[in-house]
Amino acid sequence: MWSILYGFFAAWRFRDYKPLPVTFGRAKKWIEQFQPRDRKAAGLLLEKVVYLSEKRTRSILVQQNSALMDRLAEAGLPPNKLVYVQVHDAGSSSGVMLNILRDAAGLDRLGCHLIDAHNSLELIKVTNEVGEGAVIYVDDFVGTGNQFCQERNFVAQNIVGTFSEFLLVPCICEEGLSRVAKEGVEAVAGHVHSKAERPLHDHSHVMDRDSKRRLREVCTEISAKMGLGYDRLATMVILYRNAPNTVPSLFRGSPNQDPFAGLFPRWKDLPIPPHL
Amino acid sequence: MPALKPAVQPQIPTIVPTGSLQHLDPQDVKPSANNPRMLFDAEQLAELKKNIAEHGVLVPITVYQPKGQKKFSILDGERRFRCVRDLDSEGHRDKHGHPLRLPANVVEPPTKIAGLLYMFSIHEYREQWELMPTALSLKIVIDELGVDDSKTLSKFTGLSEPQIERCKKLLKFPERFQKLSLDPDPTTRIPSNFWIEALPVIDLALTEIASLRQLGRDRAIDKLVDKYRAHKIKSVIHFRRIMESYELSEGERDMRTAVLRTIEEFFLDPALETRAAFDQFIIGKKRVQGALAACTDFIKQLQALKLRFTADDDERVELRKALRDVQEYCKSLEQALRGTDDPEIPND
């Protein structure tokens with residue numbers, strides 16, 4: 001019964017998950033991999049997923065950006081003083097988010113500057129030309145914040161002039177929020193993902209103890225090292241483009257989806273199609 | 001005789017406190033973006049922290065507020081800030097039991113040049129770091145202030161003259177090569193020292209070898225980059241073997257011809273490794289041993305002459321001048337011998 005109920009729920013809610021679309025059949029099969037006594041808990045886990053569909057991601061980015069631009073304009077920084085920076089390689093989540101934002105908010109037309117963080121020379125030139133303004137890093141999700149801070153610290157040494165720094169991101173974990181703030185970057189996020197929201201996290205108590213223990217055991221069986229995701233964050237945020245590596249492994253499934261098939265496998269968890 | 005015109009000095013903007021002293025919550029202060037933590041000596045920092053825990057921060061830090069951001073950016077006092085932040089996170093309170101506060105002079109945001117000059121004072125301690133960002137910032141200062149003289153730039157920026165010279169060497173390379181030293185990935189980044197060490201070799205090759213001149217400067221540089229990436233230049237210091245070979249062949253026609261032919265081959269043959277190509281010409285290990293002995297003898301001889309209490313004024317003036325000449329030459333030689341591979345140099 002739970003598998004049917006949550007199968008419909010998942011197929012409707014997560015329908016635009018890009019790596020592998022969530023269908024009723026897949027969702028039902030996913031629930032049925034758990035022991036009967038754990039199926040309800042697995043379903044409840046699905047209810048706790050913070051799903052960022054394409055539409056919602058775009059909407060968050062545009063709204064947050066609009067509010068930030070208003071605030072900066074009030075502080076004397078018009079759009080041509082704003083430098084938007086993608087922090088990872090071209091084609092990565094950060095680049096995709098910046099493209100979405102550029103198109104949806106018309107950043108080019110407004111005179112904002114858009115730069116790839118890896119293009120240090122361009123960053124030096126643009127910040128030198130702008131002199132005083134704001135650097136706005138754009139990304140899709142921040143977990144621990146370590147990877148972002150590493151990239152940002154490299155970027156920051158190439159900033160010429162006085163710039164305030166912001167991180168525009170649809171979702172950030174509370175761990176990442178404090179880490180990023182420590183570097184002096186202000187996160188502008190649509191959702192701050194607290195530990196309490198993550199049923200399988202060490203510090204969360206939203207699930208009954210026995211179910212939590214058994215589901216965590218399933219995670220460990222799938223992946224001994226990454227059972228609760230990177231740095232045991234056990235996050236529940238799923239982005240339509242890809243699940244972060246901080247999600248529990250029962251969402252991602254085993255490598256190549258065998259023996260345990262995940263509901264939200266990352267691109268790299270999927271088997272390589274035979275024709276390739 | 002016409003009166004000499006006073007030298008025109010460029011206007012250097014400075015950071016002037018506005019006089020607003022505030023006691024800030026350490027959480028409201030952000031560390032300097034150009035001042036990463038590895039700059040600090042842990043032992044000294046621990047000592048300062050202990051001192052601040054006992055007496056508080058006695059000298060205010062200097063901060064400014066970038067437009068649009070609530071947090072204050074540090075211009076001066078990074079170490080004090082870090083100590084207070086650590087103490088605060090450890091739950092330390094002041095002597096009245098209140099949360100720690102950071103006395104700070106709040107100044108106007110610095111102008112671009114003032115900010116850059118401040119940044120240089122930090123980069124002075126960053127010799128182990130990539131020099132390219134510093135070089136590019138130096139170019140902005142050169143352009144903005146219209147000053148190119150190393151001595152003046154050294155005075156303004158706080159960078160040493162040799163550092164400025166090294167930066168200038170980096171600026172001689174076209175942007176597409178400069179970019180290679182700004183690669184965030186240390187495994188694919190070409191270290192700044194590569195360009196500094198390669199420059200005399202490139203200049204020499206293009207001056208002396210017609211086929212390389214025809215190839216063009218950029219393509220010749222590309223050949224060296226490819227070679228470095230293929231680990232055929234195992235250390236950027238190995239470029240010195242090429243220059244050493246060339247210098248040693250002075251006055252020896254056959255050897256000079258052989259060295260130039262090897263340099264040409266080195267550029268054009270991707271498989272030829274530096275040591276394999278040039279070690280045959282470097283037979284002068286005895287020169288260094290001779291120089292070491294000469295240094296020791298020189299000091300011993302001076303000591304034996306018992307010069308410390310020389311009384312005659314003229315003799316003292318003459319001797320001091322001679323010693324200064326020796327000092328100057330030794331200093332320039334010592335500086336020329338400096339240089340290491342960057343820490344990020346790719347492994348074999």
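Two residues are taken to be in contact if their C-beta atoms, placed from the backbone, lie within 7 Å. The model shown is predicted: local features need pLDDT of at least 70, side-chain atom pairs count only at pLDDT 80 or more, and totals for chains, interfaces and linings use all residues. Residues are numbered from 1 along each chain as its sequence is written, while chains are lettered from A and ligands numbered from 1 in the order in which they are written.

**View 1. Contacts and burial in chain B.** In chain B, 73% of the contacts with a separation of 6 or more join residues 24 or more positions apart. Of its 348 residues, 29% are buried (20 or more other C-beta atoms within 10 Å of their own; 12 or fewer is exposed, in between partly exposed).

**View 2. The two domains of chain A.** Domain 1 covers 2-48 + 202-268 and domain 2 covers 67-193, with bounds from an automatic or database domain assignment. Their C-alpha centres lie 31 Å apart. At the boundary, 9 residues of domain 1 are in contact with 10 residues of domain 2.

**View 3. Ala234(A).** This residue, not a glycine, has a positive phi of about 50°. Ala234(A) is buried, with 24 other C-beta atoms within 10 Å.

View 4. Most residues other than glycine have a negative phi, and most peptide bonds are trans. Phi of Asn256(A) is positive, near 60°, and Asn256(A) is partly exposed, with 13 C-beta neighbours inside 10 Å. The peptide bond from Asp258(A) to Pro259(A) is cis, with omega near 15°.
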